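Hi everyone, thanks for making time this morning. I'd like to walk you through a structure, and I'll spell out the cut-offs as we go.

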Amino acid sequence: MSLQVQNLKRQFVAPDGSSVPVIDIPTLALGDNQQVALTGTSGLGKTTLLHLLAGILTPDSGSIVYELGGRSTDIARLPEPQRDVFRGRHIGYVFQTHHLLPAFTALENVLLGMSFGGRHDRAWATHLLERVGLGERLGFKPAKLSVGQQQRVAVARALANRPAVVLADEPTGALDSANAQAVLALIRDLCTEVRATLLLVTHDKNLAAQLPQSLDLAQVNRISRAPSAAAPVGGTVR
Amino acid sequence: MNLFQLILKQMRQRALSSWLTILSVLLGVGLAVAVLICRHEGATLFGQTDYGYEILVGAKGSPLQLTLNTVYNIDRSPGNIPYTLYEKLLHDPLYRPLVRLAVPTAVGDSYRGRRLVATTPAMFNIGTDGQPVPENKRFEYRPGRSYQMAAGQVFDADKFEAVIGSDITRLTGLKLGDQFQATHGFPLPGEVPDIHKPKWTVVGVLASTHTSADGVIYISLPSFYCIAEHGTGLVAQEAIREGKNIKEVAAQVKAEEHQAATVPGTTKPAGDDDDEPDHYTVDAAGKINLTLPKEVWGLSAILVKARAPSTIETLMYDINNGRDAQANNPAKVMREFFTTFLDSTTQVLLLISLLVTVVAAVSILVSIYNSVAARQREIAIYRALGATRRRILTLICLEAGMIGLLGGICGLLAGHLIGAAGSSYLEATIGESIHWAVVQPEELAYLGGVVLIAVLAGLVPALKAYGTPVAENLVAQ
């Protein structure tokens, strides 16, 4: 799997009606099985970028091309229904807050992640939960789990469809240091296990340092730079 | 996790709201189904086309009252007709070629709230000679269905004997071999009953017919006229009809009774009351010797089977043109009754229940709309996990449809339970039951319509869910 972003632009409309550019990335590339930390201070558009890469948001211009099994798919140009299906099948997403469904058990939350991707593999879902240390809590609802355990379920859900790429948005942001380390290790291990590329957004430089590669959003997003310094930029992975 | 499991999850997530909405659908559908059963079974019960006899002859007045009183054993008798008319129907050269058989009935008394019907053994296909009647003279209460004895025998035409309907033992405790006394009319609760002196012995029990006959006690006509008040009343009625002096006629009857009482081998009934003149004596064999002349005997109705279909109208025309009685086709009367009253009433009820169903559909709409408003984040998560807008739309619409289906099925059951209760009530009051357990095709069509309306009601909240912005709801906390 590879991901190639070209001239990606996105702006929002402010309450006063004016346009506020948020993303302007000339180029960004991720290779097969890479594990990359995307760092940057708050407000740089990290979450917006992940939403764009996941097809949750559409760019105003530019392309987001996934190369999967020799086939290129520009999800920026896909009609919405196909984009949703593509996301369900090939992209795993870990939210900053777990976003588990409170009425569903841990196992059901993972199965739900599968169902929209068109799969149903109870054994794999159980295996994932066992891998994140929740084999004894398959039938527990989120309210009965600790915050760290909830985030582990969210990690398992993101990996449920054996995605080609995992986009993790501050997955350890709500966790203490020990839990953060544990969850990060789980994400990395599971991504390695399913051979998924990982793009992990974090503002924690120590955490980012644990990943083999990192990327500073401030270096790739023109919007984060001063207007006078609008020189061409490119995404470089350390 | 399939779509069905997801829907059930959603419903369980807001169980109270879901159950209340299902209840509202249940009420609407239950009411509508009960009305549909009432309409269908009412048409079957009252709108049947054949009674086994074509003509009811009775006192001039309401044809409906005559039919309800004679066929369904409810309502009051519209009055009396002379017994001589019955004899005319059988023997008069004008009527005889038109009449295959005629069975007289007289009503007015009861036993423990159950009606006494005085008639001849011909109703049970026993001739005047005590032998079964020939095939072409058999009386049928419905086409091809005659009264059958479950136990005992048909009463003797001239004795104080009775045949009871199949439900009488359960309703009154009377059984084969028991004796009973009749009560005048149907006393209201708290009213002192006027109990007649004669005692009848139960000699036969009818097999169940699932008609009002199951709750009736049959006695012979002569024994009915032995009731003192009946004799006096009939004499008075005859005097009024003929323009005679009532006192003179009464004195004449008394003289005849005295003469009859002095006939060797006969006795006056025990416990006789001198204040009320008796019109009969009983011989050693228990045979009644009725002194009341046949000219004053009265009947409540005569059930007539015409010799041929072509003679029905002629016969009714002739009787209706006379002074004494009216003649009507009970099937036609009941069809008219059903069409003009029951049919239109059930149509109004059906309209009301349809409105209730629409209200229930609106409650589905409101309930799910509110839930969608409260589940924006949940829907956004579904979308982020790969659910398409169309999938979300389907999910919400199917949830509405599921509520409609569950409420509809429960309503169908409730409607049939109402039908069962109605059937029990009808059986207790008129002895007729309805087929409450049978699900008619229109009920299934209605259920399908309810589910469709529910799905359509779900479309509004589904469109709201369809338009849920994903990113905003994922970020907003």
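Let me start with burial: a residue is buried if 20 or more other C-beta atoms lie within 10 Å of its own, exposed if 12 or fewer, and partly exposed in between, with C-beta atoms placed from the backbone. So B:N125, with 21 C-beta neighbours inside 10 Å, counts as buried.

Before going further, please keep in mind that this is a predicted model, where local features need pLDDT of at least 70, side-chain atom pairs count only at pLDDT 80 or more, and totals for chains, interfaces and linings use all residues. Residues are numbered from 1 along each chain as its sequence is written, while chains are lettered from A and ligands numbered from 1 in the order in which they are written.

Back to B:N125, then. This residue sits in the loop between β4 (114-119) and β5 (149-152) of chain B. Helices and strands here are DSSP runs (helices are H or I with at least four residues, strands E with at least two), numbered from the N terminus. B:N125 is not a glycine, yet its phi is positive, at about 65 degrees. For context, most residues other than glycine have a negative phi. Chain B gives us another case in B:D75, whose phi is near 65 degrees. B:D75 belongs to the loop between α3 (63-71) and β2 (81-82) of chain B. Is B:D75 buried or partly exposed? It has 15 C-beta neighbours inside 10 Å, so B:D75 counts as partly exposed.

Now over to chain A. Chain A has eight helices and nine strands, and buried residues make up 49% of its 238 residues. Two residues are in contact if their C-beta atoms, placed from the backbone, lie within 7 Å. Taking the contacts in chain A between residues at least 6 apart in sequence, 70% join residues at least 24 apart.

Let's look at an open sheet of four strands in chain A, in the order β2-β1-β4-β5, with antiparallel pairing. Two strands pair if DSSP finds at least two bridges between them. At the edges are β2 (19-30) and β5 (71-74) of chain A, each pairing on one side only. On average, neighbouring strands of this sheet are turned by 20 degrees against each other, direction ignored. Helix α1 (residues 46-54) of chain A packs on the sheet and touches β1 (2-13), β2 and β4 of chain A, with its direction at about 60 degrees to that of β2(A). For angles like that, axes are lines fitted to C-alpha atoms, for helices over the stretch in contact, and the range is 0 to 180 degrees between N-to-C directions. Strand β4 (residues 61-68) of chain A pairs with β5(A) in the antiparallel sense over four bridges.

What about the loop between α1 and β4 of chain A? A:G55 lies there, and A:G55 counts as buried because it has 27 C-beta neighbours inside 10 Å. Leaving aside residues up to four places away in sequence, A:G55 touches A:I75, A:R83, A:F86 and A:R87.

β3(A) pairs in the parallel sense with strand β8 (residues 197-202) of chain A over five bridges, and in the parallel sense with strand β9 (residues 213-216) of chain A over four bridges. In those pairings, A:T39 stands opposite A:T202 in β8(A), and A:V36 stands opposite A:Q213 in β9(A).

Last stop, the contact between the chains. How many residues does each chain bring? Chain A contributes 25 residues and chain B contributes 21 residues. On the side of chain B that touches chain A, α1 (3-13), α11 (376-384), α12 (389-429) and α14 (470-475) of chain B each supply at least two residues. The largest share of that side, five residues, comes from α11(B). That's my tour, so over to you for questions!
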